[in-house]
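Colleague: I'm new to reading protein models, and I'd like to learn how to do it feature by feature. Could you walk me through this one?

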Amino acid sequence: NAVDEEEILEILSEQGKSARLIAGGTDLVLELEQELHPEIEILLDISRVPGYDRIWMDGDERIHLGPAVTHNHCAASEIIRRRSAPLARAAWEVGAPQIRNMGTVVGNLVTASPANDTISPLMALGTELVLVSKQGTRRVALEDFYTGVRKTILRADEMVKEIIFPAMKSHQRGAYQKLGLRKAQAISLVNAAVILDLDGEKISRAVITLGAVAPTIIHTPEAEEYLVGQILSPQAIDQAAELAKNTSSPIDDVRGSANYRREMVRVLVKRALQE
């Protein structure tokens, strides 16, 4: 059990790829059982490091999540529910209660599967990650963190110390929609997060992110641009949903065909805008 951050970073620096941090382990333990990480010899449990499970808002109204914040911490947090509803909803949609109790949001981000629930809303919220190592600290936009399916820029000697994003303002509205093959405990076939800035009735800015339809989480620029200046009429919703559908480039796999997924992008974006 690693005691403090200095010790954690020391071990990561010394051991490199043979050491891996673990907080909930809901993804990593399964992968180890499947022998997907022959290089890992040491697991560092950071789940009890004091302060790592904190959620707080700073004076600039930015929300901070520590590396041991679980999905249930998020779903239950007054700050998250009030000021970043899409994330609260996504955290609530993750797995079963046991998984939500154990699995961390940072772990969800680092596993880097494009089907992971929390990445789409966090990207829509404009999230930054704080990466620390013995070499120092660097801040990266969540958008720049991913290089492909299950690939990130995180170095072997680094850890994600914080997730930071602006709290939603009173003129913003947000929604998260997910489709799985079952009603519960399902991996996303498609997920969508939408955040709109409203100026009265009119949309002044739109962000729509999609999960599980490309190697990484993607934006839908045509739909986002189209919505600016619009009022959320049924026609505008239909048109934006259609544009979002055309942005996605999903794969065929055992859980659904590419055409089905594309059509579900349209359905989910429509539902999120209606919500």
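Colleague: Let's start with helix H12, residues 258–274. What should its 17 residues span, and how far apart are its end C-alpha atoms?

Modeller: Keep in mind that this is a predicted model. The rule to apply is 1.5 Å a residue, so the 17 residues of helix H12 should span 24 Å. Its end C-alpha atoms are 24 Å apart, which agrees with that.

Colleague: Which residues of H12 are buried?

Modeller: General idea to begin with: an α-helix has 3.6 residues a turn, so residues three or four places apart point the same way. In this helix, the buried residues are Ala258, Arg261, Met264, Val265, Val267, Leu268, Val269, Ala272 and Leu273.

Colleague: And what covers the buried residues of H12?

Modeller: The cover includes three strands, E10 (172–179), E11 (190–199) and E12 (202–211). It also includes helix H10 (221–227) and helix H11 (234–247).

Colleague: How many bridges join each pair of strands?

Modeller: Going along the sheet, E10 and E11 are joined by 8 bridges, E11 and E12 by 9, and E12 and E13 by 2. You can find some of the facing residues yourself. Gln177 stands opposite Ala192 in E11, Asp199 is opposite Lys202 in E12, and Leu210 has Ile218 in E13 as its bridge partner.

Colleague: Is E12 mostly covered or mostly open?

Modeller: Mostly covered: 7 of the 10 residues in E12 are buried.

Colleague: Now for the turns. Which residues take a positive phi in the hairpins?

Modeller: Most residues other than glycine have a negative phi, and most peptide bonds are trans. In the hairpin of E11 and E12, which has 2 residues between the strands, Gly200 has a positive phi near 70°. The hairpin of E12 and E13 has 6 residues between its strands, and there Ala212 in the turn has a positive phi of about 75°. Ala212 is a residue other than glycine with a positive value. Ala212 is also buried, with a relative accessible area of 11%.

Colleague: What about Arg150: where does it lie, and what is its phi?

Modeller: Arg150 lies in the loop between strand E7 (146–148) and E8. Its phi is near 55°, again a positive value in a residue other than glycine. Arg150 is partly exposed, with a relative accessible area of 48%.

Colleague: Next up is Glu158. Is it buried or exposed?

Modeller: The cut-off to remember is that buried means under 20% relative accessible area. At 5% relative accessibility, Glu158 counts as buried. You'll find Glu158 in the loop between strand E8 (151–152) and strand E9 (159–166).

Colleague: Which residues does Glu158 touch?

Modeller: Leaving out residues up to four places away in sequence, Glu158 touches Leu12, Leu131, Val132, Ser133, Arg138 and Ile153. The side chains of Glu158 and Arg138 are joined by a polar contact of 2.7 Å. The side chain of Glu158 also reaches the backbone nitrogen of Arg155 at 2.9 Å.

Colleague: Let's zoom out. What radius of gyration does the chain have, and what would a compact globule have?

Modeller: With 275 residues, a compact globule would have a radius of gyration near 19 Å, and the chain has 19 Å, which agrees. The C-alpha trace spans about 60 × 45 × 30 Å along its principal axes.

Colleague: How many helices and strands does the chain have, and what share of its residues is buried?

Modeller: The chain has 12 helices and 13 strands, and buried residues make up 51% of the 275. Of the contacts with a separation of 6 or more, 56% come from residues 24 or more positions apart.

Conventions: Residues are numbered from 1 along each chain as its sequence is written. This is a predicted model: local features need pLDDT of at least 70, side-chain atom pairs count only at pLDDT 80 or more; totals for chains, interfaces and linings use all residues. Side-chain values use heavy atoms; hydrogens and water are left out. Helices (H or I, at least four residues) and strands (E, at least two) are DSSP runs, numbered from the N terminus. The expected span of a helix is 1.5 Å times one less than its number of residues. Buried means under 20% relative accessible area, exposed over 50%, partly exposed in between (1.4 Å probe, protein chains only). Contact means heavy atoms within 4.5 Å. A polar contact is a pair of N or O atoms within 3.5 Å; within protein, one must be able to donate a hydrogen and the other to accept it, and residues adjacent in sequence count only if both atoms are side-chain atoms. The radius of gyration is taken over C-alpha atoms; the globule rule is 2.2 Å times the number of residues to the power 0.38. Two strands pair if DSSP finds at least two bridges between them.
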